[in-house]
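Here's a quick briefing to read alongside the structure. Keep the viewer open and look up each residue as it comes along.

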Amino acid sequence: MSRMVSRGPLREGEAVVFVDRKEREYLKRLEKGKKFSIRGGRILLEEVVGREEGTLVQSSLNESFLVFRPTLAQLVPNLPRIAQVIYPKDLGPILIWGDIFPGATVIEAGVGPGALTICLLRAVGPEGRLISYEIREDFAQMARDNIGSYYGSAAHWTLKIEDITQHLEERDVDRILLDLPEPWQVTDKAWEALRPGGVLLSYLPTVIQVKSLVDSLREHRGFARIETMESLMRFWHLKGLSVRPEHRMVAHTGFITVARRLAEK
Ligand code: SAH
């Protein structure tokens, strides 16, 4: 089962989101023999399997829920996690500024709960390759579980439980994405691993870290077109005449820094 080919009536084993009256979302998998407890009631598997997306199902308390396969924007905030995920507002820009294309060979570190991993697997497609480095065994296990449950089988994915600052043996790589606290420790190794013209992208929560990274990229002399950006996304409330931005927004997540690998340094 791969999310890429999921269409038609809902099948056993698939991930779905139930949406309640107040637009709250509940991510579940349609596992056989499992009852879905939801807002105090229960939904039976047989109630859901065979339905089209966008239909209503009732819980044992007669509460109605819309059921859909999750989009990536619905999946990511609901992923089971023991570490922070990258949010959808940043995943979109990361895919474009990281220039992730079908067939690309991509390296990422670290993996955490695997939100970016799922996006990258989808973007490189079955002709591509994703090699993910994660230093912690428990996070790697969580990522394996999440990819298995919410992406499906991924023959084009390799997960390495290693410290990327110590081991980065791949060569001729198209893109490297770093979501870890000290990416400047990887500058040299990333240059060795990337092909000329390859893209290095880093995601960092503080500007002090961004400064350390950009300094290290400039000192290295093997990178050009170094750019840093952030993305702000403001949702809107539209109800009757109340047409205005939402009162709350996610004000800060992380800064994206990109650089191109030069042929020589
Ligand atoms: N990008 C992920 C979240 C990553 S959280 C997502 O979107 O879901 C950061 C992860 O980096 C943590 O799991 C941490 O264990 C891992 N990490 C930190 N330093 C690392 C290193 N040197 N090598 C590999 N992984 C590392």
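What follows is a short tour, from the whole chain down to single residues.

This is a predicted model, where local features need pLDDT of at least 70 and side-chain atom pairs count only at pLDDT 80 or more, while totals for chains, interfaces and linings use all residues. Residues are numbered from 1 along each chain as its sequence is written, and side-chain values use heavy atoms, with hydrogens and water left out.

**The whole chain**

- You'll find seven helices and 15 strands in the chain; helices (H or I, at least four residues) and strands (E, at least two) are DSSP runs, numbered from the N terminus.
- The radius of gyration is 20 Å, close to the 18 Å from the globule rule for 265 residues, so the chain is as compact as a globular protein of that length. That radius is taken over C-alpha atoms, and the globule rule is 2.2 Å times the number of residues to the power 0.38.
- Along its principal axes, the C-alpha trace spans about 65 × 45 × 30 Å.
- Of the 265 residues, 48% count as buried; buried means under 20% relative accessible area, exposed over 50%, and partly exposed in between (1.4 Å probe, protein chains only).
- Take the contacts with a separation of 6 or more: residues 24 or more positions apart account for 63% of them. A contact means heavy atoms within 4.5 Å.

- In soluble globular proteins, nonpolar side chains tend to be buried together.
- Here, the largest nonpolar core has 38 residues, and I94, V106, I118 and L177 have the most contacts inside it. A nonpolar core is a set of buried Ala, Val, Leu, Ile, Met, Phe, Trp, Tyr and Cys residues joined through side-chain atoms within 4.5 Å.
- Elements giving two or more residues to this core include β1 (15-19), α3 (88-97), α5 (137-150) and β15.
- Which helix gives the most to this core? That's α4, with eight residues.
- α4 is mostly covered, with nine of its 10 residues buried; among them are L116, I118, L120 and V124.
- Just after α4, G125 takes a positive phi of about 70 degrees.
- In the loop between β7 (105-109) and α4 sits G110, and the peptide bond from A109 to G110 is cis, with omega near -15 degrees.

**Helix α7, a two-sided helix**

- At 1.5 Å a residue, the 14 residues of α7 (residues 207-220) should span 20 Å, which agrees with end C-alpha atoms that are 20 Å apart. The expected span is 1.5 Å times one less than the number of residues.
- Q209, V210, L213, V214, S216, L217 and H220 are the buried residues of α7. Seen down the helix axis, they fall within an arc of 160 degrees, so they line one face of α7; the arc is that of the directions from the helix axis to the C-beta atoms.
- Those buried residues pack against α6 (187-193), β11 (194-204), β12 (223-229) and β15 (255-261).
- On the face turned away from the buried side, you'll see the exposed residues V207, I208, K211, R218 and E219.
- Just after α7, R221 has a positive phi of about 75 degrees.

- N146 is in helix α5 and counts as buried because its relative accessibility is 3%. Leaving out residues up to four places away in sequence, N146 touches L79, P80, P113, I118 and Y151.
- L200 belongs to strand β11 and is also buried, at 3% relative accessibility. Not counting residues up to four places away in sequence, L200 has contacts that include I176, L217, F223 and V258.

**Two exposed loop residues**

- E23, in the loop between β1 and β2 (25-29), has a positive phi of about 65 degrees although it is not a glycine. Buried or exposed? At 64% relative accessibility, E23 counts as exposed.
- D172 lies in the loop between β9 and β10 (173-178), and its phi is near 65 degrees, a positive value in a residue other than glycine. D172 is exposed, with a relative accessible area of 58%.
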